[in-house]
Amino acid sequence: MKKVEIIGGGIAGLALAARLDPGTFDVTVYEQRPQLPTVGTTLAMWSKAQDALAELGILGAARSRGAIIKTGALRAPSGVPMLSMEGEGLMGISRPELLRLLDSAVPETATRVAQRVDHLPSDTWLTVGADGVNSVVRRRCWGEISAARATPFLAVRGVVPGTPSTHDIGEYWGRGEIFGLAPAGGGSNWYASFRSDLGPDKVDVTEALDVTRARYAHYSPAVRKVLAAASPETSLAQRIWTTPPLRRYARGNVVLVGDAAHAMTPNLGRGACEALVDAVTLGGLLNTLPMEDALAAYGRKRLRRTQQLRVASSLMGTIALAQGMQPWRDALLTQAGRRVSKRREKAQEGVQPSK
C-alpha cells in the first residue's frame, strides 16, 4: 500500500481522499477542525465541477440538496439591472452541505486525524497540500516567498431565511463595493465585499455586520432586508487572501491542490470548483500512472488553467470594486446589457442577430 498523507480536510482534501483507490493507497487526512463546519454560504458549481461530483458519485445528492441558478444580473445599487445573464446549468450548494457529501464519499479505510500539521511527514509516499490559502505545505516546500498575501478587501457573507425574488437575484456593483444575492437551499445566500481595515487575521463577525449594514444602507430594499435579517450565527467575515503565482504544483513527492495552489479572489466564483477538479484529476492520474508521471500530467492539465483563472478573477475584482472609474464602468455595462437584450429578443423571434 502506498502511503498518502493529505494535509487539509476541506473540499480538495476530501475529494482527493474519495477519488483515490482504497485498494492501492493508505490514505490519512489531517484536519485541524474537530468537526465539519455548520455555517457557510452557497458555492456555485460550474459544469466541470459538476462532472467532478459525478465522478465521485455524489452529483445527484448535491443537486437534490442545492439550488439551480437560472438567471441573474449585474445591478446598480438601486437594484436596476445593468446587464442580465443566463445561468442555466449552474448549481448552487452550501459549503457545509458539500463538505458533508464529500466526507460521506471518503472510504472507511481512510484514517482521519484531527490535528494541525506544522511539519511535513517524512515517511510517506506522497504528501498533498490541501491546507488552503495559508498552506503550511506550500511555505515549507516553496519557501516563504510563496506565503499568502492579504488584499485590502473584506468578505462578509451568510444565509438568511426566505427565497429571493428573481427581480433581486444578482450582483450589485457600487462605488468600491459589491453585494451578491442568490437562492440557497431553503434560503437566500448573500455576500458583500469592500475595502476595510478590519483584520487581516481574525475578524469579529458582529462588528463586520455592523460595518456592512452601514456601508450598504443606501442600497435597494432587497439588500437592506437581507442585511437586517443577517445574524452572527449564520454569517462569516474574513479578509480576502490570495496566493502568489506558482510555476509548478509538485516538488518531489509533494503536491498542492485547491487554494493551497491557486487561491484567488471570489469574483469569478471558481475557487471551490477548481479545487474539486484539481482533486478528481489528481486522484484519477495517481490511480493509473506512476507517481512521477501522474504529477507531471497533473501540472500540464491544471497549472495553466488555474493560474489564468487566478489572474482573471483578480482583474474582475478590480473592475467590480472600481471607485474613480465607476461611472464609466456602469455606462459600459448598461450599453452591453442593451445589446444583449436586443440579441436575445431577435433570437426568440427566430431572426439571426447581426454582428
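Reader: Why is A336 called partly exposed?

Author: This is a predicted model, and its computed relative accessibility for A336 is 28%. Buried means under 20%, and exposed means over 50%. The value falls in between, so A336 counts as partly exposed.

Reader: Where is A336 placed, and what separates A336 from S84?

Author: A336 sits in helix α11, residues 326–348. Its C-alpha atom is 9.5 Å from that of S84.

Reader: What makes G180 buried?

Author: Its relative accessibility is 0%. The limit for buried is under 20%, so G180 counts as buried. G180 belongs to strand β10, residues 177–184.

Reader: Which residues does G180 touch, beyond those up to four places away in sequence?

Author: G180 touches G170, E171, N189, W190 and Y191. For Y191, the C-alpha separation from G180 is 5.1 Å. These two residues are 11 apart along the chain.

Reader: How do you know that S146 is buried?

Author: S146 has 2% relative accessibility. Buried requires under 20%, so S146 counts as buried. S146 lies in the loop between α5 (136–142) and β8 (149–161).

Reader: What does the side chain of S146 reach?

Author: The S146 side chain reaches the backbone oxygen of G143, at 2.7 Å. A polar contact needs a pair of N or O atoms within 3.5 Å, so the distance of 2.7 Å meets that cut-off. Leaving aside neighbours within four places in sequence, S146 is also in contact with R138, R139, P244 and L246.

Reader: Why is helix α1 called largely enclosed?

Author: Helix α1 covers residues 11–19, and eight of its nine residues are buried. The helix is therefore largely enclosed by the rest of the structure. The buried residues are I11, A12, G13, L14, A15, L16, A17 and A18.

Reader: Which residues of helix α4 are buried?

Author: In α4, residues 95–105, they are P96, E97, L98, L99, L101 and L102.

Reader: What makes S94 a cap of α4?

Author: A side-chain oxygen of S94 lies 3.1 Å from the backbone nitrogen of E97. The cut-off for a polar contact is within 3.5 Å, so this distance qualifies. S94 caps the N-terminal end of α4.

Reader: What kind of peptide bond joins G199 and P200?

Author: The bond is cis, with omega about 10 degrees. Most peptide bonds are trans. P200 lies in the loop between β11 (187–195) and α6 (205–215).

Reader: Now the whole chain. Why does its radius of gyration agree with a compact globule?

Author: The chain has 355 residues, and a compact globule with that number would have a radius near 20 Å. The chain has 21 Å, so the two agree. Along the principal axes, the C-alpha atoms fill a box of roughly 60 × 50 × 35 Å.

Reader: How many helices and strands are there, and what share of the residues is buried?

Author: There are 11 helices and 14 strands. Of the 355 residues, 51% count as buried. The accessible surface comes to about 17,100 Å², and carbon and sulfur atoms hold 52% of that area.

Reader: What share of contacts joins residues at least 24 apart in sequence?

Author: The share is 72%, among contacts between residues at least 6 apart.

Reader: How many charged side chains are positive, and how many negative?

Author: The chain has 44 positive and 32 negative side chains. The centres of the two sets lie 7 Å apart.

Conventions:
Residues numbered from 1 in each chain as written. Predicted model: local features only at pLDDT ≥ 70, side-chain atom pairs only at ≥ 80, totals over all residues. Heavy atoms only, no water. Helix = DSSP H or I, 4+ residues; strand = E, 2+ residues; numbered from the N terminus. Rg over C-alpha atoms; globule rule 2.2 N^0.38 Å. Buried < 20%, exposed > 50% of the residue type's maximum accessible area, 1.4 Å probe, protein only. Contact = heavy atoms within 4.5 Å. Areas by Shrake-Rupley, 256 points an atom, 1.4 Å probe, with all protein chains shown as cover. Lys, Arg positive; Asp, Glu negative; His and termini not counted. Charge placed at Lys NZ, Arg CZ, Asp CG, Glu CD. Polar contact = N/O pair within 3.5 Å; in protein donor to acceptor, adjacent residues only side chain to side chain.
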